[in-house]
Every structure is written in structure tokens, then in C-alpha cells.
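Student: I have not looked at this structure before. Could we go through it step by step?

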Amino acid sequence: MKLLDVKERWLMCWLMFMGRGVTQAVRVVLGALMPFIAADLNLDHQEKGTVLAAFAAGYMCTQVLGGWAADRYGGRGPILLALGSLGMGAYCIPWSADLFGANGLSACLFVMGLCEGPSYPSMGTLLGRWIPAHERSKAVSISDTGSSLGSMLTFAVAPPLATLYGWRTTMRLWAYACLLSTAVWYVYATNGPDECIRISVRELEYLRQHNIGKAPHHDKKGRHAPFPYALFRFSQAWAVIIAHAAFNFGRYFVYNSLLQFYVEELGTSAVAAGQHILVGQIFDCLGKFGFAPFADRAIRNNPASRTKVRKVISGVAFVAFAASMAGLAVSYSVAAATCWLIVAKIASSAHVCGFKSNYLDLTQTHNGVLTGVGNMIATFASTVSPLLGGSLLDGSRRGWESMFLTIGLLDLGAAAFWCVFASGDGIDDKIVVKQCDSPRTVTEDPEAVDVVSPAVGKARKSAAVV
């Protein structure tokens, strides 16, 4: 018997909210604790940049593999692996730092990134198998707000705890939270409606009416379709990938280094800086929930407007974020910097209704692969960001100005590319047609290319006629 009458698709969204929150908190706690870690281990700017980039370097290596596995076998398993491994790794970070210094810290973070890599594309796969098109902005907002809330609580709570109890104890508290969320996911998460024993008949029928909940397509012998290389022959796929990369480049520089900007350039303490960053995170959360209802309503009332909705929201958001970076570059007071940080966070939050939802618009069958490739390239951008920051930030004001303006110019370019090439229309059927023309799809068994999905079968017949 259920304690609360919560629809299963929204329960899954709230589980993803928790999972994203915990994984993001563990990921950004390093930035929140970096002033304490750097002072303890005597790290210079270059070493701090290397340590901050280590997690992202490992994280991007397993994105595509994790997404491909989620498409084939479901997203629950990869997420459980990611959560459990991340918790164990966070618990071991203090030992690694004590035994091997900066190199040990970087190695531990790299392994943690490897294990956590499959989580993001796997959550995309789960959303694709649970959420209809007209509810995607809300679902992505819920999931993504977990990330914002995790960051918000981390920057608010981690510096005071580190001041009182040390950064090692603080890191292990984050590890315990991650391990607890692993247990919750193990009990309640499922790969899709067809595997969920708690779902009501009414909700299952509702999802099936919207073509949600069906298993990924298989051939007659039960083997899964080949890797969808043809997916990356579409400009709209590259539009969402490039948008994600530009977004991450700026976002993770702000996450990892803005506290340092407040401390070094604006003269605040680490605790006070964390509180100012907390204000930005609050607006980030509010923005995500504020934009989603309007986007979903527009798409529900006029499904043909989906492309326009996605283009306008992310296009404007990129321009606003670029403006905020220019504002930070010329900010000499805490109040001015925090105002521009709020603008940046509101702009970032709007993307849940733009390119982040667009992953689900483009493909359900191969969402894990598309999200994996997109997040891999975006993670590479977030790896380059602190490394570039480590080289530009030489302790002078000019270094910060150069970095902020670089991020702003990159976002303006991303806005232009997005507005030209983005699309809200699905491409699953087109992928099959392209895949038919590719020599990669040739198999030993001629019947192995047949698939169960009616939409895919229709596309194949059309390709045969042509």
C-alpha cells in the first residue's frame, strides 16, 4: 500500500532530483572546500586547476559507454553503480590526500569521475522512457533542480563545517549522503513503466497513449540495434551538443572558481563567499521551476511550436549569461558581483526548457547515446575551463577579466549556432533511414535488421521505396 498517491513517473523524477543533487554536491564540494584543501596541502594555482579538472577528466571517459548501456539495458544499474562508487570515493579522498598529496587527490577524483560518468546519460534514458513530450520541461526542471539544490547546500554548509570540523570530516559527510541515496535508489527505481510493479493501470495506459514505456527496439534474435552512428549526421544533434559544451564551460568555472574570486579579488572570507554564492543558487532553483510551466503549456497548446520554444529560451539564456560574465569582469564590490551572479544563475536555469529538454525531443531510442556524447564533450569543456583558469589566473585582476570575457564570447557564439541549427522534432525515424544507407549496419543475418517498433518499420519501408 502506498503512503502517498504519487504517480510513478513523478516519483522517478524526484528520485532523479535526489540522485542529481547528491552527485552534484559531491562534485562541487571540492570547489567549496578548495581554500581549505589548498591551505592544508600548500597547493599553488596550477595544482588547484589540475585537481579541479581531475574529476571531469575521468567523468567524460565513460559517458558514451554509460549511455549506450542505458539504452540497451536500462538506466537503473548504471546509476546505482555511479552513486555507490561516488560515495566510496568521497570517503577515501582524505586518505588519498594525506598519503599522496595533490597527486593522490587527483587520482582519487579521476576514478570517482570514471564511475560517475554513466549517471547523467542514464538519467536521460530514464526520463525518455517515463515522460511524455508535453511534460518534459517540468520533468527536466525537477531533475536539474536537484543539481542546483545540491550545489546550493554545498556552498552554504560545507565552508562553515570545514571551518569547525575540518575539510576531511566535511567530505565524509557528503560521502554518507551519497551512500544513503544509493540505498533509496535500489529500493524504488525502475527502468521503465513496463517493469514497475507499483504503477497503476490508469497511468500505464496514459503513458502508452503517448508512446511512452515501450522497451527499446530489438531485432528478431533479441540482439539490440547497432550503435547509432547515423545520429551524428544531423545538425540538430550537434546543436544540442555544442550548446551543452558552452553551458558547461561557463557553469563549472563559476562553480569551481567564483568562491576564489570573492576571496582573492573582493576580500571576503570563504564562509561569506559561500553565502553570496548561495543567493545565486536560490535564484537558479526558482528559475527552473518558474520557466517550466510556461514552456510545457506552450508546447501542450501548440505541439508545432516546440522548436521555436526551445530556440528562444536557450538563445536568450546564452546572451544573458554572456552579459553577466561581462558584468562580473567589471565588478569591484561584493554587491555588484552578486547581482551579476544572480543574472547568470537565472539565465542558466532557463536552459532546462531549452537544450536540456531538447535531448528528449530528438530521440527516445538513442537518448542515452546522444546524451552521453553531448555530456562527454560538455565535460571536456568543463575540464578545459579550470585548466584555462589556472593558466590565466595569475593573481592579478586582468586574469579574472580575461576569463570572464572568454566565457561571454563563447556563449554568444553558442547562441548563434543554437538559433540556426536547433530543432524540436524527433529524428528516430530519420536515424534508421540513414543507418540503412551505412555499411556499418550490415550483419551476418539479413533478418537481423528487422525491428519491432512500428515507427521504425515504417521508416525502413519508406527507405526501401526510395
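Predicted model: local features only at pLDDT ≥ 70, side-chain atom pairs only at ≥ 80, totals over all residues.

Student: How many helices and how many strands does the chain have?

Tutor: The chain runs to 466 residues, and 58% of them count as buried. Its elements are zero strands and 17 helices.

Student: Which element of the chain has the lowest mean pLDDT?

Tutor: The chain as a whole averages a pLDDT of 82, with 89% of the residues scoring at least 70. Among the elements, helix 11 (residues 306–329) has the highest mean, 94. At the other end, with a mean of 45, is helix 17 (residues 454–465).

Student: Over residues 440–466, how many contacts beyond four places in sequence does the model have?

Tutor: In this stretch the pLDDT stays under 50.

Student: Are helix 3 and helix 5 roughly parallel or roughly antiparallel?

Tutor: The axes of helix 3 (residues 63–73) and helix 5 (residues 119–130) come within 7 Å and cross at roughly 30°. Angles under 35 degrees count as roughly parallel. Helix 3 is therefore, relative to helix 5, roughly parallel.

Student: How many charged residues are in the contact of helix 3 with helix 5?

Tutor: Helix 3 brings residues including Asp 71 and Arg 72, and helix 5 brings residues including Arg 129. Asp and Arg count as charged. The residues of this contact divide into five polar, three nonpolar and, for the charged ones, three.

Student: Is Ile 427 buried or exposed?

Tutor: Ile 427 sits in the loop between helix 15 (397–421) and helix 16 (428–436). Its relative accessibility is 0%. Buried means under 20%, so Ile 427 counts as buried.

Student: Leaving aside neighbours within four places in sequence, which residues is Ile 427 in contact with?

Tutor: Contact requires heavy atoms within 4.5 Å. With neighbours within four places in sequence set aside, the residues touching Ile 427 are Leu 231, Phe 234, Gln 236 and Leu 362.

Student: What is the C-alpha to C-alpha distance between Ile 427 and Gln 364?

Tutor: In sequence, Ile 427 and Gln 364 are 63 residues apart. In space, C-alpha to C-alpha, the distance between them is 9.2 Å.

Conventions:
Residues numbered from 1 in each chain as written. Heavy atoms only, no water. pLDDT = per-residue confidence, 0-100. Helix = DSSP H or I, 4+ residues; strand = E, 2+ residues; numbered from the N terminus. Axes fitted to C-alpha atoms, helices over the stretch in contact; angles between N-to-C directions. Parallel < 35°, antiparallel > 145°, perpendicular 65-115°, else oblique. Buried < 20%, exposed > 50% of the residue type's maximum accessible area, 1.4 Å probe, protein only.
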